[in-house]
Amino acid sequence: MPGWQTLYTELKNKNFEIVSVAQDTGGIKDAGKWIEAAKPEYTVLIDEKHLVTRLYDMVNVPTAVWINEKGRIVRPNEVAYVDNRYTGMHKLQAEEYLAAIRDWAENGDRSIYALSEQELKERLAPQNPDWARASAEFGLAEYLYKTNLGAASIRHYKEAQRLNPDNWNYKRQAWALSDAERDYGTSFMKEVQKLNGKPYYPPRRLPAPKKKN
């Protein structure tokens, strides 16, 4: 969050807004301390029901969607690190992404990073019936967890992961809400290590920046 605050401070006078959404089933109990510590000046929400991830088909965090002032998506969800702390896992440099955001804030829809409607359609993955079932299983697991039936929620979290194995939100949230080693026989770091250096997150596709004369 400090990185996003720095960017917001830099760009807020260029019609640029940030809406940050924490995806924690535990709500303010889990996410509140991080938000309070960061003291962000931009809008911060907590989405206990993961509605945002479902609507935008997000499969991991941090993920960002660019939306212009007309409410149109100009870049679909993609990995959105603002520093290089985890470059070893995702193989992406934050500087190129920050440069793209600055270009968009400066040039709006004329930015080379703002996609047309056709380009956006080409990037969006077709819906898969299993993903809808996974979302339902995840929602049921959340309900059980929140009604103090955590043990019963585990098989539904597992089923959500089986139906949509590329969705790391399902994995990370389930593992965070219980003893991952005991209940799932794994952990986030173990699963990342299994990839043997392959980024666990789909890489971004940014055009090369224009060379300055």
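Does Leu 51 count as buried, exposed or partly exposed, and at what relative accessibility: which is it? Hold that thought while we walk through the chain, keeping in mind that this is a predicted model.

Start with the whole thing. The protein chain carries 11 helices and 4 strands. Its radius of gyration is 18 Å, close to the 17 Å that the globule rule gives for 213 residues, so the chain is as compact as a globular protein of that length. If you box up the C-alpha atoms along the principal axes, you get roughly 60 × 35 × 35 Å.

Now for how the chain packs. Take the contacts between residues at least 6 apart in sequence: 59% of them join residues at least 24 apart. Of the 213 residues, 39% are buried.

Leu 51, Leu 55, Tyr 56 and Ile 67 together make a nonpolar surface patch of about 390 Å². Helix α3, which covers residues 51-56, gives the most to this patch, with 3 residues.

That brings us back to Leu 51, which sits in helix α3 and is one of the patch residues. Its relative accessibility is 46%, so Leu 51 counts as partly exposed. The reasoning is just a matter of cut-offs: buried means under 20% relative accessible area and exposed means over 50%, with partly exposed in between.

Methods: Residues numbered from 1 in each chain as written. Predicted model: local features only at pLDDT ≥ 70, side-chain atom pairs only at ≥ 80, totals over all residues. Heavy atoms only, no water. Patch = residues over 30% accessible without salt bridge, like charges linked within 9 Å, V, L, I, M, F, W, Y side chains within 5 Å. Areas by Shrake-Rupley, 256 points an atom, 1.4 Å probe, with all protein chains shown as cover. Salt bridge = Lys/Arg side-chain N within 4 Å of Asp/Glu carboxyl O. Helix = DSSP H or I, 4+ residues; strand = E, 2+ residues; numbered from the N terminus. Buried < 20%, exposed > 50% of the residue type's maximum accessible area, 1.4 Å probe, protein only. Rg over C-alpha atoms; globule rule 2.2 N^0.38 Å. Contact = heavy atoms within 4.5 Å.
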